[in-house]
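Subject: Two-chain model, handed over with notes

Hi,

Here is the complex I promised to pass on. Please open it first, then read my notes below.

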Amino acid sequence: MNTASKLSWKIIFRMAWRNLWRNHRRSLIMLSAIALGVWGMIWMTALMRGMVDQMIDNSIKTLSGHIQIHAAGYLDDPSVEHLIPPVNESPALQALLDSNDVTAWSQRIRVPAVIRSEREVYAVTLVGIDPARERGLSFIEESVSDGVYITSVDDKRLLVGRKLLDRLETKLNRRVVMMSQDPDNNIAERGFRIGGIFDTDPQATETSYVFGGLETVRKMLNLGTGISEISLLGHDYRQLDELKKKTQSAAMENADVKTWAEQDPYMGTMLNVMDGFILIWFAIIFLALSFGLVNTLLMAVFERTREIGLVQALGMKSSNILFMVLIESIIMLMIGLAAGNLLSWLTILPVQDGIDISGVADGLEWAGMSSTLLPALLARDVLTANAVVLVLGIFASLVPAWRASRKVPIEAITRVWQ
Amino acid sequence: MRLTSFARFIILSIVALLPAQAYSEDGTDARNIIQNAIDHYRGLSSYTEMSMTIHRPDWERTMSLRGWSIGGKKTLIRVTAPARDKGNATLVLDDNKVWSFTPKINRVIRIPSSMMSQSWMGSDFSNKDVSRTDEIVDSYTHTLLRTEMADGHKVYVIESIPKEESAIVWGKEISHIRDDYVELEHQFLDQEMKLVKVLKTLDIREMGGRMFAVRQQMRHHEKKDEWTEISVQMLDFDKKIPDYLFTLSNLRNPRE
């Protein structure tokens, strides 16, 4: 009994394998369809993930951080009237920010301002930063392309975006005038020398931010010790609930604590939509695949009606016939998956440093995307794609397998066609 | 008595010898000339009737204005013609606050700081030019470049370089000021020391009891066909001007 069943499994597998290659042309077409389907799933997902990751990364680096603390009302009216005390005045917050939960943090003054050169005037956001703290938190230092980064909180020079500099028709080391309002609604203005230029994607960032030393900006605006925002980075941008709770309890009572996703609902929604979208994408590809798969198997079973009747008459159990067809399908799926995975790996490998899409950069810029697309291959997505094809594929092939096993031997043998 | 007068003599000689050097070297002299020119232009208080012509390549228009000012700290300017613009008014108060009234919408608007460097009433003057105050003198380092002779007058040519942190974008400004403190020319240069715009005095006449630049033109150097000319028809210095003129309610409902 034991040997018999072992033997029969072996036989079933061998029969399935040989059946598969009896009409090798049809099987190869089906195999390539599966391979292409899986490739499409993985490749497209990697591109879309890369796109979204980049958008979120850009958004987080563009001064958002993972979590931000503002004074209540600041987000509706980002002016000097809505300030919070600096970190060193609240021990609880200081302790949290220095703990292991937070990888980087910084405090800033951020106010609407006007920048003026001899010929042009533009509205910008003036950001007073603590240069050492911004390292690893925001895009600022890594995008300095000319001149120097802000050297200290007392640095009296400005860091200006290249595009803004061109629009202002001015140059490095020239003077410009910044104008804003102090807390008493008086004009606060001051001349600054341009000490550095930054280049970044998207270009809107270059024209909308001007950076200066925190203390210098504070003096210009006649502020006391207050600051506009605290930005911090946790460990994973997808899991911030806990850190947000901790921040909320450590921050002053009426402070406004928000994660990047709440701060930028467009990006936050994007992330959720993407997860759903990938599943829908998988389902669509699989649906197309499964029609081919079921059709191929039905055809194979139909061709073999007589021999199925014969092996049944010779004593093969109908469950064995069911397994035989199933195994044939599984072998086909496995080979197809292997080829598909290999294909995706081979196609992603050469572009892992990014795909240049600068030709359409202008159109993509509104979405906060860069001109290079970095595909992101997640193990999770690859596993999902494979599992979806394999599991649903087996389910789909249950129909032809069931049909094959339900044939009445005498009818099958005597069946005549053509 | 003798001692004090002796002491005074000593002090006077030191004062007379030392600062003479210092005056011409460190530019205090130049600063004084600029300050005097501003005071001369403004008087303690003044009432002015003038017209402003804005010229552009494809159009030109002229407005008539009336202006009241006290010591350059408070200024009220009202448009009297043409009918289309009549009633438009600008009020400048002590601390650089500029208000604007437009009768068409019956609204008083405070000009926000972001608009201070924008054009005033569509002219080549900015809101900032209109609201210039005394502190502007201290934002520069003034140097007397040379003196020239013109029409029997001595003309001081003064170079004013903005201080590093002052809120002035120009590379430098060069003023030509006559010995009776009438400004003949004021050049604005960018930081490459290229000329950007020039304020030129076209006509000097005696008015309101002093020599006065009655016709001045602001011209952009790079846009030759764009200029604004201000021509003063009537001028009354040191006239008693009531304080109530410089209020928001008077801006909206003129009593004069």
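How many helices and strands make up the secondary structure of chain B? There are five helices and 13 strands. Keep in mind that this is a predicted model.

Chain B

Chain B has 256 residues, and 27% of them count as buried. Among its contacts with a separation of 6 or more, 39% join residues 24 or more positions apart. The mean pLDDT of chain B is 79. In this chain, 83% of residues reach 70 or more.

One stretch needs care. Residues 9–27 of chain B stay under 50 in pLDDT. The model has seven contacts for this stretch beyond four places in sequence. Where pLDDT is low, predicted coordinates should not be read in detail.

Strand E4 covers residues 89–93, and strand E5 covers residues 97–102. The two pair antiparallel over five bridges. Within that pairing, Thr90(B) stands opposite Ser100(B) of E5(B).

E5(B) also pairs with strand E6 (residues 107–110) of chain B. These two run antiparallel as well, joined by four bridges. Trp99(B) has Arg110(B), in E6(B), as its bridge partner. E5(B) and E6(B) form a hairpin, with four residues between them. Look at Asn106(B) in the turn: its phi is positive, at about 50°.

Between the chains

Which residues meet across the two chains? On chain B, 18 residues are in contact with 18 residues of chain A. The chain B side divides into seven nonpolar, seven polar and four charged residues. For the complex, the predictor gives an ipTM of 0.73 and a pTM of 0.71.

Chain A

Chain A comes to 15 helices and 12 strands. Of its 418 residues, 43% count as buried. Residues 24 or more positions apart account for 80% of its contacts with a separation of 6 or more.

The chain is drawn out. Its radius of gyration is 32 Å, whereas a compact globule of 418 residues would have one near 22 Å. The C-alpha trace spans about 100 × 45 × 30 Å along its principal axes.

Why does Trp43(A) count as buried? It has 20 other C-beta atoms within 10 Å, and the cut-off for buried is 20 or more. Trp43(A) sits in helix H2 (residues 24–64) of chain A. Beyond its neighbours within four places in sequence, Trp43(A) is in contact with Ser344(A), Thr347(A) and Ile348(A). Ser397(A) is 354 residues from Trp43(A) in sequence and 26 Å from it in space, C-alpha to C-alpha.

Val301(A) is also buried, because 23 C-beta neighbours lie inside 10 Å. Val301(A) belongs to helix H10 (residues 265–303) of chain A. Leaving out residues up to four places away in sequence, Val301(A) touches Val325(A), Pro400(A), Arg403(A) and Ala404(A). Gly37(A) and Val301(A) are 264 residues apart in sequence and 24 Å apart in space, C-alpha to C-alpha.

Over to you.

Terms used: Residues are numbered from 1 along each chain as its sequence is written. Chains are lettered from A and ligands numbered from 1 in the order in which they are written. This is a predicted model: local features need pLDDT of at least 70, side-chain atom pairs count only at pLDDT 80 or more; totals for chains, interfaces and linings use all residues. Two residues are in contact if their C-beta atoms, placed from the backbone, lie within 7 Å. Ala, Val, Leu, Ile, Met, Phe, Trp, Tyr, Cys and Pro count as nonpolar, Asp, Glu, Lys and Arg as charged, and the others, Gly among them, as polar. A residue is buried if 20 or more other C-beta atoms lie within 10 Å of its own, exposed if 12 or fewer, and partly exposed in between; C-beta atoms are placed from the backbone. pLDDT is the predictor's confidence in each residue, from 0 to 100. Two strands pair if DSSP finds at least two bridges between them. The radius of gyration is taken over C-alpha atoms; the globule rule is 2.2 Å times the number of residues to the power 0.38.
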